[in-house]
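Hi everyone, thanks for coming. I'd like to walk you through one model today, and I'll start with a question once it is on the screen.

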Amino acid sequence: MADPLQLKVAVVGAGVSGLIAARELQREGHRVIIFEKSDKIGGLWVYDPRTESDPLSHEMVHSSLYFSLRTNLPRALMGFSDFAFSDREYGDPRDFPGHPEVAAYLNDFATRFGLAELVQFNSEVVRVEAVGGRLDEWVVEWRSEGGVNSEEQVFDAVVVCNGHITVPRLAHIPGIEKWPGKQIHSHNYRVPEPFKDQVVVVIGNGASAYDISRDISTVAKEVHISSRDPAVKYSKLPHHPNIWQHSAIYTAEEDGTIEFQDGSSVQASIILHCTGYKYEVPFLKTNGIVTIDDNRVGPLYKHVFPPQLAPRLSFVGLPQKVIIFNMMELQSKWIARVLSGRVCLPSEEEMMADVKEYYQEMTALKRPTHLTHYLLNCEEVSHLFSLLFLFFFLVLNYDLRLSYLKQQQTHLSLHNV
């Protein structure tokens, strides 16, 4: 029986995905360094009152948290399997606690499992690239905060955990170039006071759109939520006397009018885009093997492994509309065991065929490309069961494990010719 591989692994990001990835990699015997560009653990869950100079962009502020944000999943679903959030309180015992409670939980988790010692803070990764075309050596280049010169180090594998709730996606609005009002993306929303006595149009149909609308309605004159969902009809939002729902925006006029497709219109002073975020991995250099097309990061087998570069490059936390902590934990267990050789992946051809089949299913269902990583309803269950199968069944299969190690040795040798 072959001994498990113990690799030197770089993890990019010390948010939820980076922390659980590092914990599982370390448990499997790998040597881990976590690169974090800020000075804190927690990623998205670290509140930053600063906003960008351009209210529609992302330049320097990573977090998109607003002051009043609470979880939209109960705390029982917000923790890891052996460190339950529901068993711990940090000052906010509510089932749907505020963001400081989640940040405290993540710091507690990092302390409990010795993860803080693995983090290299104030180190922004600027390049991840295979060394000389090899698949078993990856250079990670980083720059310290305020530093001019960069440093680099070679690793056996890299796990990308940089998050995807930072870079704004904006709605296309006909006529917006002549509209005289102010625009802002929810990435730069923090508190409602700047919206006092304003008429605000909020674009979006997700949790943040309704959450922020309710928040600013406490001070705004009127709030009008615009959605592309055909089920949404022009109406007043129940229990909120100054919030209305509308269909998608038809056009923005030079006199400040916003016209909606349902025929209604309003004189607005602010448009607030709650329209989601872009996936970006600007540091990843793969010579076009991994690309991002309309928010589709791919090709990725099960949203984790790029077939041509697997297993030494992987991603944690890309899917949305999921029970995120559970999914990240299963992804991380899978990656850690694949890297050690205790779990094997299908061949490159089989993984690519699986990706193509998923894309074809999306096309047949008329789902747009930008929803590639949205696991909806039964898709989430199917994805989680796939990860459970890969972890609990294949980890016990010695013949597959031995075959996998031989396959990887051959695969790496071919790329090193």
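Among contacts in the protein chain between residues at least 6 apart in sequence, what percentage join residues at least 24 apart? It comes to 62%.

Before that, a word on what we are looking at. This is a predicted model. The chain has a mean pLDDT of 90, with 90% of its residues at 70 or more. There is a stretch to be careful with: over residues 393-417 the pLDDT falls below 50, although in the model this stretch still has 43 contacts beyond near neighbours in sequence. Where pLDDT is low, the predicted coordinates should not be read in detail.

In outline, the protein chain has seven helices and 22 strands. Its length is 417 residues, and 51% of them count as buried.

Now to the salt bridges. How many does a search of the whole structure find? The answer is 20.

Next comes Glu28 with Arg342, with 2.5 Å between the closest N and O atoms. Here both partners are in loops: Glu28 in the one between H1 and strand E2 (31-35), Arg342 in the one between H4 and helix H5 (348-364), so parts 314 residues apart in sequence are tied together. Glu28 is buried, at 10% relative accessibility, whereas Arg342 is partly exposed, with a relative accessible area of 27%.

Arg127 sits in strand E4 (residues 123-130) and Glu141 in strand E5 (residues 138-144), and the two are 14 residues apart. Glu141 counts as buried, with 15% relative accessibility.

Which residues do salt bridges with shared partners join into one network? They are Arg23, Glu24, Arg27, Asp82, Glu329, Lys333 and Arg337. Glu24 and Arg337, the pair I began with, are both in that network.

E7 runs parallel to strand E1 (residues 8-12), joined by four bridges, and Val159 is the bridge partner of Val11. E7 also runs parallel to strand E22 (residues 313-315), this time with three bridges, and Val160 has Phe315 as its bridge partner there.

For contrast, here is an open sheet of three strands, in the order E14-E15-E16, with antiparallel pairing. Why is one side of E14 and of E16 left without a neighbour in the sheet? Strand E14 (249-252) and strand E16 (265-267) stand at the edges, so each has a single partner strand. From one strand to the next the twist averages 20°. Three bridges connect strand E15 (residues 257-260) with E16, and Glu259 stands opposite Ser265.

Finally, the packing. In soluble globular proteins, nonpolar side chains tend to be buried together. In this model the largest nonpolar core has 73 residues, and the members touching the most others are Val159, Ile216 and Phe305. H4 supplies the largest share of this core, eight residues. Another core, of 23 residues, lies apart from the largest one, and Trp138, Val140, Val160 and Val281 are among its members.

That's my tour, and I'm happy to take questions.

Technical notes:
Residues are numbered from 1 along each chain as its sequence is written. This is a predicted model: local features need pLDDT of at least 70, side-chain atom pairs count only at pLDDT 80 or more; totals for chains, interfaces and linings use all residues. Side-chain values use heavy atoms; hydrogens and water are left out. A salt bridge is a side-chain nitrogen of Lys or Arg within 4 Å of a carboxyl oxygen of Asp or Glu. Buried means under 20% relative accessible area, exposed over 50%, partly exposed in between (1.4 Å probe, protein chains only). Two strands pair if DSSP finds at least two bridges between them. Axes are lines fitted to C-alpha atoms, for helices over the stretch in contact, and angles run from 0 to 180 degrees between N-to-C directions. pLDDT is the predictor's confidence in each residue, from 0 to 100. Contact means heavy atoms within 4.5 Å. A nonpolar core is a set of buried Ala, Val, Leu, Ile, Met, Phe, Trp, Tyr and Cys residues joined through side-chain atoms within 4.5 Å.
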